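Me: I'm new to this one. Can you walk me through it? Here it is.
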Amino acid sequence: MDSFNCKCLNCGHDFHVTEGGGMTSTVYWCDSCGNTHLQPRYAPRLMRNGLRLPSTLKREFKHWQNIFGDRATIADDGSFCVAELSSEQVERFAEGFLIDYLSEPERWGRSGDCWDEHERALMLQLRGACSCGGQWLLPSRSTSNSQPHDLHKCPQCRSSRLHAVPLFDKVSD
Ligand SMILES: [Zn+2]
Ligand SMILES: [Zn+2]
């Protein structure tokens, strides 16, 4: 999570912005007015990627077998593996499921599979455009994180001409 103190170079308004989604969500930004909209970060199904874990963890094999069933195997060298799923094997969600899932953020998990492109597109379509008519976008991240991304707008005048100063999290108990 990155935070910034901002001053609008257009109207002089001072405000604060925070970036980055939670553990369970991804933040989309309206490219026109700067509003935000949350989407689930992970698809609630077994991850399609394969895994290979060292034999030192072998005792936990049952755990992986319980989750992945036949996809979990032990290799000759003792390491255990979870086979990757092909794109055809990934369980796709029906629209009705996604409508329910989007409306219940408390069900969104901290892990799971990635979404397919068309699922992401469908979920944004289900949400509908921003009330201002703008499109939902994912900001491109700067590598330094020393400046907020370019989809931020001044909450008062909606200008994107901002002067930003990063705030660093202070350690406290
Ligand atoms: Zn908007
Ligand atoms: Zn402003």
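Me: How far apart do the C-alpha centres of domain 1 and domain 2 lie?
Reply: They lie 39 Å apart. Domain 1 covers 2-45 + 112-167, and domain 2 covers 51-83. Those bounds come from an automatic or database domain assignment. This is a predicted model: local features need pLDDT of at least 70, side-chain atom pairs count only at pLDDT 80 or more, and totals for chains, interfaces and linings use all residues. Residues are numbered from 1 along each chain as its sequence is written, while chains are lettered from A and ligands numbered from 1 in the order in which they are written.

Me: How many helices and strands does the chain have?
Reply: The chain has 3 helices and 9 strands. Both are DSSP runs numbered from the N terminus: helices are H or I with at least four residues, strands are E with at least two.

Me: Is the chain spread out or compact?
Reply: Spread out. Its radius of gyration, taken over C-alpha atoms, is 21 Å, well over the 16 Å that the globule rule gives for 173 residues, so the chain is more spread out than a compact globule. That rule is 2.2 Å times the number of residues to the power 0.38. The C-alpha trace spans about 65 × 40 × 30 Å along its principal axes.

Me: New topic. In what order do the 3 strands of the open sheet come?
Reply: The order is 5-7-6, with antiparallel pairing. Strands pair if DSSP finds at least two bridges between them.

Me: Which strands stand at the edges?
Reply: Strand 5 (51-53) and strand 6 (72-74). Each has a single partner strand, so one side of each is left without a neighbour in the sheet.

Me: And how many bridges join strand 5 and strand 7?
Reply: They pair over 3 bridges. Leu51 stands opposite Val82 in strand 7.

Me: Where is Thr73?
Reply: Thr73 is in strand 6. Leaving out residues up to four places away in sequence, Thr73 touches Phe80 and Cys81. Contact means C-beta atoms, placed from the backbone, within 7 Å.

Me: What about the largest nonpolar core, which residues are in it?
Reply: Tyr28, Trp29, Cys30, Trp136 and Leu151. Strand 3 (residues 25-30) gives the most, with 3 residues. Such a core is a set of buried Ala, Val, Leu, Ile, Met, Phe, Trp, Tyr and Cys residues joined through C-beta atoms within 7 Å. Buried means 20 or more other C-beta atoms within 10 Å of a residue's own; exposed means 12 or fewer, and partly exposed is in between.

Definitions and conventions. Contact = placed C-beta atoms within 7 Å.
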